[in-house]
Amino acid sequence: MTLHAPIAIPADVRSRLKALRLLPRRARGAHGIGQHASRSRGAGLEFAQYRAYEPGDELRQIDWKLYARSDRFFVRESERESPITSWVLVDASASAAQHDRARPGWSRLDHACATAACLVELALQQGDRFGVIAVNGHGVQLIPAGSGPRQRDRVHLLLRQLQTHGGWPPADKLRPVWERVQPGDLLVALGDGFDAAGTVLLERLAAARREVLQVQLLGADERDFPFTDGHRFRDPETGEELLGDGRAIRADYLVRFAQAQRDLQARLHASGIAYAVGYLDQPLDAPLRQLFGPGGGA
């Protein structure tokens with residue numbers, strides 16, 4: 001099986017992730033973070049206590065000044081909101097193989113998997129549970145929710161093995177999503193957002209009290225339509241083709257594309273689904289900062 005390139009998070013992106021928080025709307029009340037009545041201890045916001053280091057703890061949690069004084073490893077624990085379970089839903093249908101002409105070795109699926117890795121890091125730094133769901137024409141591949149570095153390794157292994165195939169799976173093959181994603185869980189969907197069946201799934205999950213967010217991942221070619229000569233446009237999922245002169249159809253395409261995005265955003269908004277757009281030529285964390293940064297839409 002062909003593996004994708006290793007999932008690496010650029011150093012500048014990793015640094016910016018430290019300022020983000022995976023928080024559902026119920027934790028972002030009118031007065032901001034920290035409105036939960038229930039709190040737990042972990043890597044969080046307000047210092048609570050020290051405890052002895054245990055295998056599997058993040059090295060960044062060790063208080064090195066205390067170690068210098070006591071010659072023992074202690075971990076700083078903080079109070080934070082009750083842990084949540086976060087899910088990343090990756091669209092691995094055939095359209096995810098699309099890439100930009102300026103970067104042919106980087107597909108929408110590569111970008112989605114790298115974005116998923118960023119979301120996993122956010123869950124990991126909060127001490128929360130996380131899992132991943134991938135969908136394509138074959139059905140659903142799923143890593144059940146878990147926590148810790150080993151869970152991250154399991155998720156990365158699945159992401160590296162993902163292959164694009166077919167269209168969105170039929171409803172009967174999506175049963176594992178309903179069995180695993182529980183009411184109150186946070187689910188972030190990564191994909192182009194143009195599969196109607198995928199949008200229906202997100203709407204139904206939101207209606208069933210799951211916290212749903214859509215990160216629409218688009219190519220720069222889709223956004224800018226830089227084609228100027230005769231071109232053969234092919235739908236990777238249906239095989240339908242269109243021959244046209246890029247320069248002649250560009251204006252109409254851009255109008256239609258912008259309208260399709262507005263329609264999608266309006267539909268998601270009506271279901272209470274937060275929405276952000278990320279492009280393949282932009283930093284991985286750009287849409288995540290919109291959703292999970294201070295004052296974000298989540």
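**Close-ups of a predicted model**

View 1. Trp64 is partly exposed, because its relative accessibility is 46% (buried is under 20% relative accessible area, exposed over 50%, partly exposed in between; 1.4 Å probe, protein chains only). We're looking at a predicted model, with residues numbered from 1 along each chain as its sequence is written. Local features need pLDDT of at least 70, side-chain atom pairs count only at pLDDT 80 or more, totals for chains, interfaces and linings use all residues, and side-chain values use heavy atoms, leaving out hydrogens and water. Trp64 sits in helix α2, residues 64–70 (helices are DSSP runs of H or I with at least four residues, strands are E runs of at least two, both numbered from the N terminus). Together with Tyr53, Leu59 and Phe73, Trp64 makes a nonpolar surface patch of about 410 Å² (patch residues have over 30% relative accessible area and no salt bridge; nonpolar side chains, meaning Val, Leu, Ile, Met, Phe, Trp and Tyr, are joined within 5 Å, like charges within 9 Å). The areas are Shrake-Rupley values with a 1.4 Å probe, and for residues only the protein chains shown count as cover.

**View 2. Arg108 meets Glu222.** Ten salt bridges turn up in the structure (a side-chain nitrogen of Lys or Arg within 4 Å of a carboxyl oxygen of Asp or Glu). One of them pairs the side chains of Arg108 and Glu222, at 3.1 Å from N to O. It's a link between distant parts of the chain: Arg108 belongs to helix α3 (residues 108–126) and Glu222 to helix α7 (residues 220–224), 114 residues apart. Arg108 is buried, at 4% relative accessibility, and Glu222 is buried at 11%.

**View 3. Glu121 and Arg152 across two helices.** Here the side chains of Glu121 and Arg152 form a salt bridge, 3.0 Å from N to O. Glu121 is in helix α3 and Arg152 in helix α4 (residues 149–161), so this pair ties together parts 31 residues apart in sequence. Glu121 is buried, with 11% relative accessible area.

**View 4. Asp281, a loop residue holding on to helix α7.** Asp281 makes a salt bridge with Arg223, with 2.7 Å between the closest N and O atoms. The pair ties together parts 58 residues apart in sequence, because Asp281 lies in the loop between β13 (274–279) and α9 (286–292) while Arg223 is in helix α7. Both ends are partly exposed: Asp281 has a relative accessible area of 46%, and Arg223 has 25%. Leaving out residues up to four places away in sequence, Asp281 touches Ala220 and Arg223 (contact means heavy atoms within 4.5 Å). Arg103 is 178 residues from Asp281 in sequence, yet their C-alpha atoms are 8.6 Å apart in space.

**View 5. A four-residue charge network.** Salt bridges link Asp12, Arg16, Asp285 and Arg289 into a network.

**View 6. Asp185, buried with no salt bridge.** Asp185 is in the loop between α5 (175–180) and β9 (186–191). Asp185 is buried but has no salt bridge, and Arg210, the nearest side chain of opposite charge, is 6.5 Å away (Lys and Arg count as positive, Asp and Glu as negative; His and the chain ends aren't counted). What does the side chain of Asp185 reach at 2.9 Å? That's the backbone nitrogen of Gln182. Setting aside neighbours within four places in sequence, Asp185 is in contact with Thr85, Trp87, Arg180, Arg210 and Glu211.

Methods: Polar contact = N/O pair within 3.5 Å; in protein donor to acceptor, adjacent residues only side chain to side chain.
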